[in-house]
Amino acid sequence: MAFLIAGAIPHQAQTPINDSNKLSKEQVLAHVDELKELIDEKIWPTYNDPAYSMEMNYYEDGPFRMHLNQAEDDTLARMECSSPEITIQAVPSVKTYEEWYAMLMHECFHGFQYKHTDFWNKMLASTPENFISSDSLKTLRRNYEWNRDMLSKENALLKKAYEASGIHEVRHILSDFFSIRDERLKTVKDRLGLDIIEFYPIIETVEGSARYIEYCLAREQGITDTDWMTNLDSNSCYYASGLYLMLIMDKFGIPYKDELFQKCYTLTELIQEKIRFSTEDIQILIEIRPEVNYVTHLYTLAELGFSDPAYAAKYGNSLPKAAIDTLQKYKEYLTFGQGENAPYSWFFFKVAQETFSNADELKTIMDDYREEAIRMGAPANEMAIPTTIANVYVENYDNYLKNVYPQVKAEMEERQQLLSQKMQGQSFVRDWERVTGYTWRRGDYHWLLYCAGQKGPSYNNLNDSTNTVWYNQNIDYQLAMFSHEFGIFLMQDSIDPIVEEFKEYTRKLDSDRDLTYVPWSAFESLACWYNCKIAGRKTADYHAFGEADVQTFCRIFDRLSNFGISDPAELYRKGIMEYLKGDG
Ligand SMILES: [Zn+2]
């Protein structure tokens, strides 16, 4: 259907709804039948299949009706619809007969969806208990600025994906789109206690596909004013976002209409499945960015768990002593390592993954954090420390950008090139998928190099596909760790929940040893174990996790795998139990 989007619309005269153009009931219903036939032929196969069609009651008087009405036994629905003349009084934006038909066909498509019983039941089952109506989604956008902000990021990506010229590009953009969306739905749940994680993609499918029928039919009929249908900036933007997902599949010739309702998919599931990343498409990118370098610069000069005498000798003067003292003073709030984070360690993790090109932009970000914290109910007297820290960050950034960053960037470029070269043709994505049985779905994998902090916690992941590393480590070790960390990323969705479970468990164990390191240690060891397996030798990471007791864990994993256990989550869980028994 790509012609519908790109091609010029033939200009056809529209027929205004008024008394002189009024059609009889029989004429209207006859044309409805013709349109259903046309939709079946050109827009959505099986639309006119009797198995999915629905009885219609047409009203030439009474109140405005345009909806599905469920019968009392809850099994049958029929379409209730008012004549164009009644409709125009209730919905003045519908001005022509063509627009009215498009609207009606949208509603009839809900009947079509309803007749795909499994799909419809899936929607009903996913509706959260404390959900009032689909209006709640509109209210959500209207009332919460953060939700609006996240939605606009999300939707900008969707537009970009639609405008992209190749499917490779679409994959990458949509992968970002879906991670921002996941984050938004999670945030809605965390902040408002409204769980729409399952429901949102389904209602988007329901309304987006009905909007699609309406949109395509409008264009078939020569209606040029369709911008409101693709408007992603409205409170009901899930109609348009669903439409966009379908237009993207149309544009790239991806078939989906036979499967969507038949196989009970959401558009999200379907498009992800259809354009799934193939391993060959994934790039491992070695990048140099100012933000993470600035953050490690501060952490290193203030010795917040990072230290680097050579770096400090060179760049120590660029940060005033008062700034260093302030950061030092709050050291216990800022440090992190071995899976444990101090309360304000987000000054490392969150800030390092932001994008800001000067102090003013950084200030805006810090102000947003503060507002967010207040909204989340942080007491005012707890804001003093983060505010002080934030000021140090903001006040020293412009100077850093001007006097430090150009030099450190130049220092790292040679290593960046070497690593980029080594990453060409790397097979570790495929290798890890093979040994774990998991699939990598997050697109490109990013490594950010930083210059300060030779000693300190390297390999800190900023988000689920970005990691950081001190640039100049031994190259063999670095390559082994790149693979190791990829394994951690790949496994974390299934292992992280078990880590939390075991953190609880080990805390409660009555032991004279402190065992809280065990869940972290077991996970790192599992990554080492697989890494060695892939390489067919002891990789450099095997010897590097001093406190993690990798050797003992690897012996345990060897034994378990000889018993035929191959699932990473099971290996992890059983491995810990064996380890705690002292069965190394
Ligand atoms: Zn609808």
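Visitor: Where is the place of P201?
Guide: In this predicted model, P201 sits in helix α9, residues 199–220.

Visitor: Is P201 buried or exposed?
Guide: Count the other C-beta atoms within 10 Å; 20 or more means buried. P201 has 25, so P201 is buried.

Visitor: Which residues is P201 in contact with, leaving aside its neighbours within four places in sequence?
Guide: T266, L267 and T268. Take Y244 as another reference point: Y244 is 43 residues from P201 along the chain, and their C-alpha atoms are separated by 13 Å.

Visitor: How do I read two packed helices?
Guide: Use the angle between their axes and the distance between the axes. Here, the axes of α24 (residues 550–562) and α25 (residues 568–580) come within 9 Å and cross at roughly 120°. That makes α24 oblique to α25. The crossing is right-handed.

Visitor: Which residues in α24 and α25 meet?
Guide: From α24, T552, F553, I556, F557, L560 and S561. From α25, L571, K574, G575, E578 and Y579.

Visitor: Which residues in the largest nonpolar core touch the most other members?
Guide: V295, L298, Y393, L449, Y450, A522 and L526, out of 79 residues in that core. Helix α22 (residues 475–508) gives the most to this core, with 10 residues.

Visitor: Where does this core lie?
Guide: Domain 3 (286–470) and domain 4 (490–580) both give residues to the core, so it lies between them.

Visitor: What is L449 in contact with, beyond its neighbours within four places in sequence?
Guide: I286, I288, M412, R415, Q416, V469 and Y471. A second, separate core has 63 residues, including M103, L137, L151 and I248.

Note on methods. Residues numbered from 1 in each chain as written. Predicted model: local features only at pLDDT ≥ 70, side-chain atom pairs only at ≥ 80, totals over all residues. Core = buried A, V, L, I, M, F, W, Y, C linked by C-beta atoms within 7 Å. Buried ≥ 20, exposed ≤ 12 C-beta atoms within 10 Å, placed from the backbone. Helix = DSSP H or I, 4+ residues; strand = E, 2+ residues; numbered from the N terminus. Domains from an automatic or database assignment. Contact = placed C-beta atoms within 7 Å. Axes fitted to C-alpha atoms, helices over the stretch in contact; angles between N-to-C directions. Parallel < 35°, antiparallel > 145°, perpendicular 65-115°, else oblique. Left-handed = near helix turned anticlockwise from the far one by under 90°.
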